[in-house]
Amino acid sequence: MSGARVLITGGAGFLGSHVAAALVAHPAVALVVAGDVRRPEHPIDSVVYDDCDVTREGSVAPLLQRHDIDVVVHLAAIVSPGRDHEMEYRVDVDGSRNVLEACVAAGVKRIVVSSSGAAYGYHRDNPHWLTETDQLRGNDAFPYSKHKRLVEQLLGAYRETHPELEQVVFRIGTILGPTVQNQITQLWDSKRLLAIKGSASPFVFIWVDDVAAAMARAATDGPAGIYNVAGDGRLTVQQIADRLGKRLLSIPAWALALALRVGQTLRLTVHGPEKVLFLQYRPVLDNASLKRDFGFTPSMTSAEVFEAYLETHPGVAVR
């Protein structure tokens, strides 16, 4: 697929900016359009910036036609949870539906979608290593997880009804990078790390440049399919605490759930009891298919990604 003309939804965001840079540098890409509701603070040379609100029905197809787009990298989503779940649904689920409808209407050849390991859900009986054939059980109580599951169900339906639109779906682990600050990294900023008693709470990490490189391959000569995207190996919450030089604050699941319920009721936190599942039963992604079938091996393991994060975030670890 040479001379690809690519639209990135959410192209002004953290991941979108890295993907745009990777695509601009790719010899098989003729045009990169970063579509978003805002402009980036630091625009990238040779990237075309255009307005793109995925929640506006009927607004994406004209954008695709105007730039003669044949590949869409769909990144627009709400990652950090808030109180407005209806708005999050409009962006995540309705937005994905609008993008898919626009792709079909405009004759786009391929769509690359950033899904998440959260689509598998946070469950006690999750396999130790999740593969792409495992069931998607994104928790209804956790909007981000639920939305990723619903979007993947929508993608599955489109694979049946519109096979002419090739799909590359990436179920991505925890992305770290030099400027990352989110609900996961906040867990490491305290003097003691929160842990659920009796749970190893393992994490899989992937460096943002590896995600961008994988997406550049997906938008050009990579094979269609569904792939977990994570570095080799995993780190338990105890291993993370040891590396940071911090102690664990281990709390029984029931006690944390009660505290979060009270805090949410008093509007002291946006997090509810579902946060316990988020900490307790994290999905751990097997990346064998990414390496074997998609032909991409991340440059760093999960442990190496965490080290790179610490190098770019001085002060997180106790010296």
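## Second largest pocket

By class, 5 nonpolar, 7 polar and 4 charged residues line the second largest pocket. Here Ala, Val, Leu, Ile, Met, Phe, Trp, Tyr, Cys and Pro count as nonpolar, Asp, Glu, Lys and Arg as charged, and the others, Gly among them, as polar. A pocket is an open set of points on a 1 Å grid over the protein atoms alone, where a 1.4 Å probe fits, with protein on both sides within 12 Å along at least five of seven lines; lining residues have an atom within 4 Å of a point. The space in this pocket is about 310 Å³. It is lined by 16 residues, with His-128, Ser-199, Pro-202, Gln-280 and Tyr-281 closest to its centre.

## Basis of the values

The model is predicted: local features need pLDDT of at least 70, side-chain atom pairs count only at pLDDT 80 or more, and totals for chains, interfaces and linings use all residues. Residues are numbered from 1 along each chain as its sequence is written, and side-chain values use heavy atoms, leaving out hydrogens and water.

## Largest pocket

The volume of the largest pocket is about 1,200 Å³. Phe-14, Leu-15, Ala-77, Ile-78 and Val-79 lie nearest its centre, among 45 lining residues. The lining divides into 24 nonpolar, 16 polar and 5 charged residues.

## Helices H1 and H5

Helix H1 (residues 14–24) packs against helix H5 (residues 208–218) at about 55 degrees, with the axes 8 Å apart. The contact of H1 with H5 has 10 nonpolar, 1 polar and 1 charged residues.

Key: Axes are lines fitted to C-alpha atoms, for helices over the stretch in contact, and angles run from 0 to 180 degrees between N-to-C directions. Helices (H or I, at least four residues) and strands (E, at least two) are DSSP runs, numbered from the N terminus. Grid points are joined across faces, edges and corners, and a volume is the space filled by probe spheres set on the points.
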